[in-house]
Amino acid sequence: MKKITTVICAAVMAALPAFAEIVEYNNANMFNGNVKATPEGFQITKRCWMLGSRNQVNFDKTATYKYSVDIRIAPEYAAKQNVRIGLHPMYQDRVLGAASVFFVEGSDTALAAPIKVGDTEVKVKDAFKWKNTNGTYIAFDCDPTGKLRDLPNTNLIGHIKRVDRANNKIILATPAKIAVDADVAVRQHQTTWSFLGNTKIEVTKDWQTFTFTTKPGVAEKIRGNNARYQMWAMGDALCPVIATMTPVEFRNMKIEIIK
């Protein structure tokens, strides 16, 4: 009889859902602006990235984070809608940019000549592993030991238009706005999805519930599934995002932390 009881208890425990903590966003002061309270919830009043950055959720790499929110749009804005949802990584209470943490492996080098304000060509000592790809930057004041102790690095110049490997030159899309001395350590950084998820949704005049769920762990690749669904390196917290080109209404915003 004792063995049967043990088996039954184990089965009951296995059927129970994973532990979930719920963080609700029910006060306009939790958002970064452009939000006003309404009788049914909240309204984003103009085109913006609305972040719940004043109520961050600490990141645990073993957990899953499920973000859900109800959204609707007034009929007069429906034709121009472009609405996306997701979660934005944070670092030490600041919004974390993808280009500050994602880098091109093997691109560590140093400036062969100073960068002057207005330059569109940057000379480096070794551009062999720099890539001709969209959305890349020159990161400077990097850790010269190669141990990446400068990450997240917000010292960025770019976008990069083209890499001339044969002549160790980096061609900028727009003139440099900052001067940097010769011999300063640099590497190539690359952006990715602007926030976790970045999922385009189709909103209507009726309330609909939209969700986005992360995967446990930390993204190691610049692009692809990991970067879209997993936390970026160095991130220590998350906050909800609604990116919209037009005003929208939302309610019942919450993040479930599932362990």
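Residues are numbered from 1 along each chain as its sequence is written, and side-chain values use heavy atoms, with hydrogens and water left out. Since the model is predicted, local features need pLDDT of at least 70 and side-chain atom pairs count only at pLDDT 80 or more, while totals for chains, interfaces and linings use all residues.

## Overall picture

Let us start with the whole chain. There are 2 helices and 19 strands; helices (H or I, at least four residues) and strands (E, at least two) are DSSP runs, numbered from the N terminus. The C-alpha trace spans about 75 × 60 × 25 Å along its principal axes. Of the 259 residues, 44% are buried, where buried means under 20% relative accessible area, exposed over 50%, and partly exposed in between (1.4 Å probe, protein chains only).

## Salt bridges

Side chains of opposite charge can pair when their charged atoms come close. Here a salt bridge is a side-chain nitrogen of Lys or Arg within 4 Å of a carboxyl oxygen of Asp or Glu. By this rule the count comes to 12 salt bridges. Three of them are set out below.

| Salt bridge | Closest N and O atoms | 
|---|---|
| Glu249 and Arg72 | 3.1 Å |
| Arg187 and Asp108 | 3.0 Å |
| Asp183 and Lys125 | 2.8 Å |

Take the salt bridge of Glu249 with Arg72, at 3.1 Å, to begin with. This pair links distant parts of the chain, with Glu249 in strand E19 and Arg72 in strand E6 (residues 64-72), 177 residues apart. Both Glu249 and Arg72 are buried.

Next comes the salt bridge between Arg187 and Asp108, at 3.0 Å. Arg187 lies in strand E15 (residues 185-190) and Asp108 in the loop between strand E8 (94-95) and strand E9 (109-110), so the pair ties together parts that are 79 residues apart in sequence. Arg187 counts as buried because its relative accessibility is 0%, whereas Asp108, with a relative accessible area of 35%, is partly exposed.

The salt bridge of Asp183 with Lys125 has its closest N and O atoms 2.8 Å apart. That pair also links distant parts of the chain: Asp183 sits in the loop between strand E14 (169-172) and E15, Lys125 in the loop between E10 and E11, and 58 residues separate them. Asp183 counts as exposed at 54% relative accessibility, and Lys125 is partly exposed at 47%.

Salt bridges that share partners also join Glu40, Asp70, Arg72, Glu249 and Arg251 into one network.

## A buried charge without a partner

Glu256 belongs to strand E19 (residues 248-258). Glu256 is buried yet has no salt bridge, and the nearest side chain of opposite charge, Lys254, is 4.4 Å away. Leaving out residues up to four places away in sequence, Glu256 touches Ala20, Glu21, Ile22, Thr64, Tyr65 and Lys66.

## Other residues worth a look

Ala127 is placed in the loop between strand E10 (121-123) and strand E11 (136-140). Although in a loop, Ala127 is buried, with a relative accessible area of 0%. Residues up to four places away in sequence aside, Ala127 touches Val163, Arg165, Asn168 and Ile170.

Asn198 is in strand E16 (residues 196-201) and is buried, with a relative accessible area of 11%. Beyond its neighbours within four places in sequence, Asn198 is in contact with Arg84, Ile85, Gly86, Trp193 and Arg228.

Thr154 is found in the loop between E11 and strand E12 (156-158), and is exposed at 59% relative accessible area.

## The largest pocket

The largest pocket has a volume of about 230 Å³. On a 1 Å grid over the protein atoms alone, a pocket is an open set of points where a 1.4 Å probe fits, with protein on both sides within 12 Å along at least five of seven lines, and lining residues have an atom within 4 Å of a point. The lining includes Val101, Phe102, Phe103, Trp232 and Met234. By class, the lining residues divide into 9 nonpolar, no polar and 3 charged.

How values were computed
Grid points are joined across faces, edges and corners, and a volume is the space filled by probe spheres set on the points. Ala, Val, Leu, Ile, Met, Phe, Trp, Tyr, Cys and Pro count as nonpolar, Asp, Glu, Lys and Arg as charged, and the others, Gly among them, as polar. Contact means heavy atoms within 4.5 Å. Lys and Arg count as positive and Asp and Glu as negative; His and the chain ends are not counted.
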